Amino acid sequence: MVKNMNVEEKDELKNLVLMGLITFLLTIAEHTWSLNFLIKFIYILLYLVAGKNVLRLAFLGIKNGKPMDENFLMTVATIAAMFIGKYHEAVFVMLFYRFGEFFEDLATNSSRDSIKSLMDIVPDVAIRINKEGLREEVDIDEIEVGDILEITDGGKIPVDGLIISGNASIDTSSLTGESLPLEVAKNDKVLSSSIVIGGIIRIKASKVFDDSIAAKIISLIEESVENKSTSEKFITRFAKIYTPLVVGLALFLALIPPLMGYDLNDYLLRSATFLVLSCPCALVLSVPLSFISTLGLASKNGILIKGSQYLELLDKADVLLTDKTGTLTTGKFIVKNIEYYTDCNKEKILDYIYNMEKTSSHPIAKSIVESLDRKEKHDLFKEVKNVKGLGVYAISKDDKEILLGSSKFVNQKANGDKAVYLSIDSKLYAKISIEDKIKDQAFETIEYLKNYYQNIAIVSGDNKESVKETADKLGLSQYYANLMPDQKIEILNSYKDKGKTTVFVGDGLNDAPVLKQADVGISMGKTASDLAIESSDILITNGEFAQTKKLMQIAHLSVKTVRENVTFIIAVKIIILIIGLFGKATMRMAIFGDVGVSIITILWAMRILNKKI
C-alpha cells in the first residue's frame, strides 16, 4: 500500500506517526512527573493539530445549523475528556481518527483511480488527412463523419471507423478485456480506444467522438461513481437521525446519574466514551467504499456498471430474461448441413452456392462463403445479380436459370428452420441448413446462473424452431419466440407484476425498450447497438455472455462484504457499549470500537480491488 502512495500521502503518514510517538512519550512523562502545565500545553497543541479538520467541520456544522454529525460527536467527546483531565485520551481520539481518515482516503483514492484510469482510453488529438493529402493535428472533438484519420504504431484510435488502407494488429483490451491482439485490414471496422500495434492504418470516421463506443463507456464510468446504492442512501439517512439520538443519550448519562449522587467525573468519562464509541464513522466510510471497490473490480474485468444500486438488485433478482441472437449466440451463422434432392454433381452444386453467395453482402451469404471455403471461379455464369432481401439470381454458361435464397424466392414451402435453397430451372437441387453458433461457455454460464435465478428464459424475435433449438442446447425449458419489442416488455411486466426483480440481457436496437424497463438491463457491448448501450444499466464490453457469471460473482461479493462489515461494526459497538454501561470501557477501547473498526472494515472493503474473479 505504501508503494502506491503519492508524496503528500507519505508526508501525511510521517506526520501522523510522529504525533503518535510524541503523544506516547508525553503519556510516559505524565506518569513520571504528573500532568503539569507544560505537558498540558503540548497535549493541547497536539490536539489542535491532529483535530483541526474535525474541529473546523464541527464549527461549520454549528454555524450552518446542521451540527449533528460525527465531527460534532468527536469534538464534544474529546472536550469532555480534557475537562476531566484525560488529555492523552482526547489527543489519541483525534489522532486515531486522523489515521482512520487517512486509510479511508487512501482506499477511496485507490478504488476511484482504478475506475477513472479507464477513462484515459482515447487520445486528446488525432492526425487527420486534409483535402490536400497533408497530415494535420486536430482535437478529437473536431473530427467529423467521413474524415480520413491516420493512426500509427502505438496510437489509440480516436473514433469508430472503417479501415481504408493499411493493416495492423489492434489491442482492444480497453473495450473488451481481450488480451490477444486482433488482426485488421482494409474494410474492417475498428472501434475508438483500440491501440494499433505493429502497423499504420488509415480509417474513415463513421462517427463523431460523442457518438463513439469509447465516449459511451466514459459516460458509463462517470455515472457509476456518482450513483449511490440503496445501502449508501440508507446509511446517510441513518446518520442524520442517529447522531442527535446519541447526543441526547450521552447528555442523559453525563447529567442524570450525578444529580442522583453518583460521581460526576466517572459519568462524564462514561458519556465521552459513549460518544466516541457511538460515532457512525465506520458505517459511513465502509459501505460506500465497498461499492466503489466493487465498481473498480468490475471495470477491471470489462464490466461497466452505472451505479452500485444495480449490484444490490442483481444479488436479489429472481428472473433473468435474455435475447438470443448476439447475446446467447454469436450472430454469425454456420452451415449445419446440406441436403441434396437429386442425383447431381455435388461439387458443381457447391461451386454454384459458393460463387453466387460470394456476390452477396448479406450476413448469411457471407457465413455460407466462410463455411464452404472453396475456390472462386469466374467462368460459371453468364449473368449474376442480387435480389434484395430474397437471394441471388444467375444464368449459367449452359443457359440454366439458377436461384439461390429464401424458400419464397425459389417457390418452396419451409418448415420454419433457417435455410437457403438452390433451384435450377425451377427444380429444387439443394437445401443449405444454417444455424447461429452458440457463444463459448454459454451452457456452463446458464448452469451457474440457475443457482441465482428462479426463472431463466429466452425472449427472442426469431422463429420458434430456432429459439427452441437454442433453449434445448442450453438446458432451458422456458422460451418465447416471434416477439416484437412490445411483446418482450409484456413478458417482462408479467414477472414484475408478481413482485419479481427482473434482469434482461440483450444487444439489439429492438432490445432497448425492454433493457430500459427491466430492473437491471445488461447490454452486450461488442455487438450492442448505441441505443441498447444507452438504455442499459450494465455494459459487458467484450459482448461475451460468459461475463454474466463474473458479474453475479462480483455483485454477490459486494453485497456480502457490506453485510459482513455492518455486522462486525454493530457487534463490536454493542459489546463495548455494554461494557461501558458498567463503567468498565476505557476511552482507548472506545477508540478501537470506532476508529479501529473503521480501519479494519476499510481494509476489508479494499481487498475487493485485488480479488481474482
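This is a predicted model: local features need pLDDT of at least 70, side-chain atom pairs count only at pLDDT 80 or more; totals for chains, interfaces and linings use all residues.
Let me start with Asp147, which sits in the loop between β2 (135-139) and β3 (148-151). If we leave aside residues up to four places away in sequence, Asp147 touches Arg128, Glu142, Ile203, Lys204 and Ala205. With one of these, Arg128, the side chain of Asp147 also makes a polar contact of 3.1 Å. Is Asp147 buried or exposed? Its relative accessible area is 15%, and because buried means under 20%, Asp147 counts as buried.

Now to a pair of helices. Two packed helices are described by the angle between their axes and the distance between the axes. For helix α1 (residues 7-33) and helix α2 (residues 37-50), the angle is about 155° and the axes are 11 Å apart, which means that α1 is roughly antiparallel to α2. The crossing in which α1 passes α2 is left-handed. On the α1 side, the contact is made by Met19, Ile22, Thr23, Leu26, Thr27, Ala29 and Glu30, while α2 contributes Ile39, Ile42, Tyr43, Leu46, Val49 and Ala50. Sorted by class, this contact between α1 and α2 holds ten nonpolar residues, two polar ones and one charged one.

Methods
Residues are numbered from 1 along each chain as its sequence is written. Side-chain values use heavy atoms; hydrogens and water are left out. Axes are lines fitted to C-alpha atoms, for helices over the stretch in contact, and angles run from 0 to 180 degrees between N-to-C directions. Helices (H or I, at least four residues) and strands (E, at least two) are DSSP runs, numbered from the N terminus. Angles under 35 degrees count as roughly parallel, over 145 as roughly antiparallel, 65 to 115 as roughly perpendicular and the rest as oblique. A crossing is left-handed if the near helix is turned anticlockwise from the far one by less than a right angle, and right-handed if clockwise. Contact means heavy atoms within 4.5 Å. Ala, Val, Leu, Ile, Met, Phe, Trp, Tyr, Cys and Pro count as nonpolar, Asp, Glu, Lys and Arg as charged, and the others, Gly among them, as polar. Buried means under 20% relative accessible area, exposed over 50%, partly exposed in between (1.4 Å probe, protein chains only). A polar contact is a pair of N or O atoms within 3.5 Å; within protein, one must be able to donate a hydrogen and the other to accept it, and residues adjacent in sequence count only if both atoms are side-chain atoms.
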